[in-house]
Amino acid sequence: MVKNSKRKTSDDSGAIVSDNDSHIGSNSANTKTTAPALRSVNEEVETADNLQCEDPYEDIYEEEDDDISYEDVYESSGDEDDEYMEAMNEGDTSAAAAVAAGTTKEPKLPPPINANDGELQPAQIKTWNPFMGNTTGEELEMDETAYKMHHALTPEWPSLTLDIVPDAHLGENRTRFPHTVTMVVGTQADKRSKNKLSVLRMSDLCRIPGSGREKTEKELDDEMLGDAWKHEDDDSDSSSSDEEDEEEELDPVLENYSFSHSGGGINRIRVCPHNSSVVGVWGENGEVSLYDIGGAIDLLDRSSLSSNARKNDGSLAIKKEVRKMRKDPFFVYSGHSTEGYAIDWSRVTPGRLATADCDGNIHIWNATHPVTPNDIVAKYGNKSQSSPWSNSSFQVEPMYAAHGDNLDHPSVEDLQWSPTEATVLASAECGGYVRIYDIRCPGKAMISNKIHSGGADVNVISWNKLVGNLLATGGDDGSFSVFDLRNFQTADASIPPKPLARFHSHRTPITSLEWHPTDESMIAVSDDNGTYVYDLSIEEDDPENKMNEEEAAVEGVIPPQLLFVHSGSDMTKEVHWHPQIPSCIATTSLSGFSVFIPSNL
């Protein structure tokens with residue numbers, strides 16, 4: 001569109017000049033005019049009587065596009081504007097006009113509109129798989145809401161093994177806090193002379209604050225919806241149960257008594273179920289030693305009773321008879337050809353013990369005199385005066401040797417006596433074998449099966465104490481299985497027996513497993529990455545989405561039977577249920593000991 005405005009200027013004679021006129025006024029009819037922007041500076045001299053009012057910039061016009069749309073948006077790069085201003089500053093108006101006339105603009109689409117513009121992008125959430133381990137190297141933080149009780153201890157030297165010592169005074173099925181836990185542990189020191197068997201008593205183990213009451217509606221909402229959720233009752237304080245208010249928060253107390261172990265590092269420890277004062281120890285020097293820890297237990301009992309008395313009525317001490325303290329083992333057996341790990345006491349026959357070594361030899365022990373405390377008192381009188389245990393208290397008989405079908409890998413890794421049969425025991429062996437023995441038939445196994453076709457070692461086994469036909473096994477390939485011994489024998493020895501259940505989720509070897517003492521379907525399992533609690537009575541809610549055997553065989557798949565995971569320990573080696581505190585679990589690892597009760601058990 002052409003602009004039709006008039007600019008008024010004056011020439012030398014004072015005539016009025018119009019931009020759209022082709023002539024001048026009466027004084028110069030044929031004078032040629034020049035556009036003001038193109039006149040030389042010296043062409044006219046401005047005086048007070050001849051003030052000039054002229055536009056130093058020449059208007060540049062371009063036609064408008066009637067079909068312009070939102071998408072036809074043009075944006076200059078900015079270089080042309082710089083050239084134009086530079087030309088004008090130098091007084092070269094023709095160059096400025098040429099730059100302006102030759103300016104080209106390239107089309108540029110507007111940036112896409114972000115639907116979430118102005119909002120914070122949510123952080124990417126990744127599901128943590130406990131079977132994969134801590135691959136990121138980040139430090140795991142404990143969720144206290146997952147525990148009713150949790151206590152950890154870091155010892156001077158790591159321990160490969162531990163066992164629970166039942167308490168004779170506090171009773172069974174203890175549910176009231178604070179708890180007291182006594183256990184025996186064996187060290188793996190840097191020097192043989194530093195190794196020892198220790199009796200640990202942890203008392204005043206309180207619950208985690210807030211774990212003993214039902215969660216309020218607000219707490220459940222906050223847990224599901226996160227910190228962004230604002231509940232109308234945010235300013236109100238939640239109330240705890242009366243039982244929790246009555247519980248006094250105490251600092252945990254640790255007491256210990258140690259016995260020297262000249263046989264080097266301790267491979268495995270087992271407490272006699274009929275007399276908790278007797279402890280069997282497998283040493284790395286190939287010897288099996290029996291210790292009498294009764295004197296140490298009495299000292300710890302007296303200390304605990306005195307402490308409780310001071311809390312209750314301020315009395316100074318309680319007199320308690322203390323059995324004779326014995327620093328050294330009362331029985332040492334050197335009949336095995338090499339060291340071993342397998343050791344187990346019979347729960348049917350008092351004083352019956354089975355031990356096995358890495359050469360495949362199994363030896364059976366039998367006590368030569370009464371074992372239970374009541375029987376000892378009945379025969380020998382006051383137990384505080386003398387102890388019947390001596391180097392003649394047991395008779396040991398080599399019963400089984402390595403089998404011909406497994407001479408390359410004969411090591412027996414674990415032993416378990418039947419919970420109902422006095423003469424039947426099971427063994428876990430390298431090469432994938434599980435064998436059932438009856439000591440009334442020396443020299444041969446009654447049932448022998450290779451449960452792992454690939455030959456992976458069977459590291460541990462556990463016989464269900466409530467259902468006598470269920471046997472659980474844990475392998476070096478990370479799988480653990482449950483077998484029904486009624487169907488354990490197969491017609492074809494080359495075909496492994498089919499387990500009732502088999503789990504392949506673990507990516508590291510199974511190091512320990514144990515059935516729950518009062519729940520027939522619950523089992524605790526440990527591997528290098530942590531401790532896991534399974535309830536085998538749980539089935540998939542949706543039968544259509546039930547995992548088939550191939551999917552279940554994939555490592556890392558989380559099965560629906562998994563109830564609880566305890567992580568954070570470095571290479572867990574052994575796990576045990578406490579027989580007197582419901583659902584209390586004790587573990588040992590290279591990083592120390594843990595005692596805890598899961599919140600969902």
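Guide: Gladly. Let us start with a strand pair: S203 has V253 in β9 as its bridge partner. This is a predicted model, in which local features need pLDDT of at least 70 and side-chain atom pairs count only at pLDDT 80 or more, while totals for chains, interfaces and linings use all residues. Residues are numbered from 1 along each chain as its sequence is written, and side-chain values use heavy atoms, with hydrogens and water left out.

Visitor: What makes β8 and β9 a pair of strands?

Guide: Strands are DSSP runs of E with at least two residues, numbered from the N terminus, and two of them pair if DSSP finds at least two bridges between them. Strand β8 (residues 196–205) is joined to β9 by eight bridges, so the pair qualifies, and the two run antiparallel.

Visitor: Which strands form the open sheet, and in what order?

Guide: The order is β6-β7-β8-β9, four strands with antiparallel pairing. At the edges are β6 (161–164) and β9 (253–260), each pairing on one side only. On average, neighbouring strands here are turned by 20 degrees against each other, direction ignored; the axes behind that angle are lines fitted to C-alpha atoms, for helices over the stretch in contact, and angles run from 0 to 180 degrees between N-to-C directions.

Visitor: Why is M183 called buried?

Guide: Buried means under 20% relative accessible area, exposed over 50%, and partly exposed in between (1.4 Å probe, protein chains only). M183 has 0%, so the label buried applies. This residue is found in strand β7 (residues 179–186).

Visitor: Why is T572 placed in the buried class?

Guide: Its relative accessibility is 1%, so T572 is under the cut-off. T572 lies in strand β30 (residues 572–577), and its contacts include T511, D528 and T587.

Visitor: What makes β11 largely enclosed?

Guide: Six of the six residues of β11 (residues 278–283) are buried, so the rest of the structure largely encloses the strand. In a regular strand the side chains alternate between the two faces of the sheet. Here V278, G280 and W282 are buried on one side, and V279, V281 and G283 on the other.

Visitor: Which strands pair with β11?

Guide: Strand β10 (residues 266–271) is joined to β11 by five bridges, antiparallel, with I269 opposite V281. Five bridges also join β11 to β12 (residues 288–292), again antiparallel, and there G280 has L290 as its partner. The β11–β12 hairpin has four residues between its strands, and G286 in the turn has a positive phi of about 90 degrees.

Visitor: How many disulfides are there?

Guide: A disulfide is a pair of cysteine sulfur atoms within 2.5 Å, and by that rule the count is zero. For C358, the nearest cysteine sulfur, that of C430, is 7.5 Å away, so C358 is in no disulfide.

Notes: Contact means heavy atoms within 4.5 Å. Lists of a residue's contacts leave out its neighbours within four places in sequence.
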